[in-house]
Amino acid sequence: MSSSLPTTRLPAGIDVPVLGQGTWNMGEDRRRRSDEVVALKLGIDLGMTLIDTAEMYASGGAEEVTGEAIEGRREEVFLVSKVLPSNASRSGVMRACEASLKRLGTDRIDLYLLHWRGGTPLGETVAAFEALKQQGKILHWGVSNFDTDDMEELAGVASGEAVQTNQVLYNLSSRGVDFDLLPWSRQRGIPVMAYSPIGQGDLTRDSKLAPVAERHGATAAQIALAWTMRQPGVIAIPKASRPGHVRDNRAALDIELTETDIAELDRAFPPPSRKRPLEMI
Ligand code: NAP
């Protein structure tokens, strides 16, 4: 059984943990597969029941790893997957979702995201998402890598107000969204999912984090994670395939950064003073 973590509320009224698990790079190598499954299962045990995956990751391999990890405990998990922009037409979304469901070994995705914007009109993708909702194949939908103007545009299409989240790059080294996208989202009650919260591992090696980490008896990765989750309405989805990392990430939730810590981190990683285009990887 999983233990419960602090939650944030999606616009639909569902509470989801503020700390989940990413899966990018999982499913690439058969020899690492069982370790990845073990890591995800441990994360679920520790309450990190929101799992983020995508049809793109390992060309479906990450969804298969996720499917294996959630087998027999589907009800404990809040499952997030993503459709590629090249599949974002009405028929493309339908086909892609069926394939994802099969790989995940489930009959529904809790939150289905458009991975990033492509050439398909937003209204067509949203209509397809709404049709999938009607069929019970997804419960909710959202977007990823949308800047503030994209979110404004989305709000203007039919059913666009049903968006549940925007998943964007957010960590100490990439914090442009602090300027406008995060306040915009908070004002509207739309939680943001912070991807690459540890900078794809780079922040573990950043000496600028060392003094704060030392004060808390924590690692740099834990401070980076605690920082992304310091404000309401942000869900962090670190990817960890080692059990020690999974445990450290769970423990990062218990770190309370002080005003001194935050000020020191602001000096080391200055907040944006003007609008910057949304970064993505
Ligand atoms: P990340 O979570 O910032 O970093 C992952 C790296 O950090 C891995 O090498 C991992 O190592 C290491 N790590 C994890 N926890 C650690 C800890 N406590 N101490 C030290 N090292 C630790 O990067 P990410 O995978 O790019 O981002 C997270 C998730 O966000 C992805 O997996 C994916 O689900 C999602 N994402 C979405 C998009 C999008 O366009 N929507 C883009 C990128 C990522 P081990 O694996 O060896 O444990």
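Student: Which distance separates an oxygen atom of the ligand from an N or O atom in the side chain of Lys239?

Tutor: A polar contact is a pair of N or O atoms within 3.5 Å; within protein, one must be able to donate a hydrogen and the other to accept it, and residues adjacent in sequence count only if both atoms are side-chain atoms. For the side chain of Lys239 the distance is 2.8 Å, and for that of His245 an oxygen atom of the ligand lies 2.6 Å from an N or O atom. The model is predicted: local features need pLDDT of at least 70, side-chain atom pairs count only at pLDDT 80 or more, and totals for chains, interfaces and linings use all residues. Residues are numbered from 1 along each chain as its sequence is written, and side-chain values use heavy atoms, with hydrogens and water left out.

Student: How many nonpolar, polar and charged residues form the shell around the ligand?

Tutor: Ala, Val, Leu, Ile, Met, Phe, Trp, Tyr, Cys and Pro count as nonpolar, Asp, Glu, Lys and Arg as charged, and the others, Gly among them, as polar. Here the shell has nine nonpolar, 14 polar and five charged residues.

Student: What volume does the largest cavity have?

Tutor: On a 1 Å grid over the protein atoms alone, a cavity is a set of points where a 1.4 Å probe fits but cannot get out; lining residues have an atom within 4 Å of a point. Grid points are joined across faces, edges and corners, and a volume is the space filled by probe spheres set on the points. The largest cavity has about 90 Å³, and its lining comprises four nonpolar, two polar and six charged residues.

Key. On a 1 Å grid over the protein atoms alone, a cavity is a set of points where a 1.4 Å probe fits but cannot get out, and a pocket is an open set with protein on both sides within 12 Å along at least five of seven lines; lining residues have an atom within 4 Å of a point.
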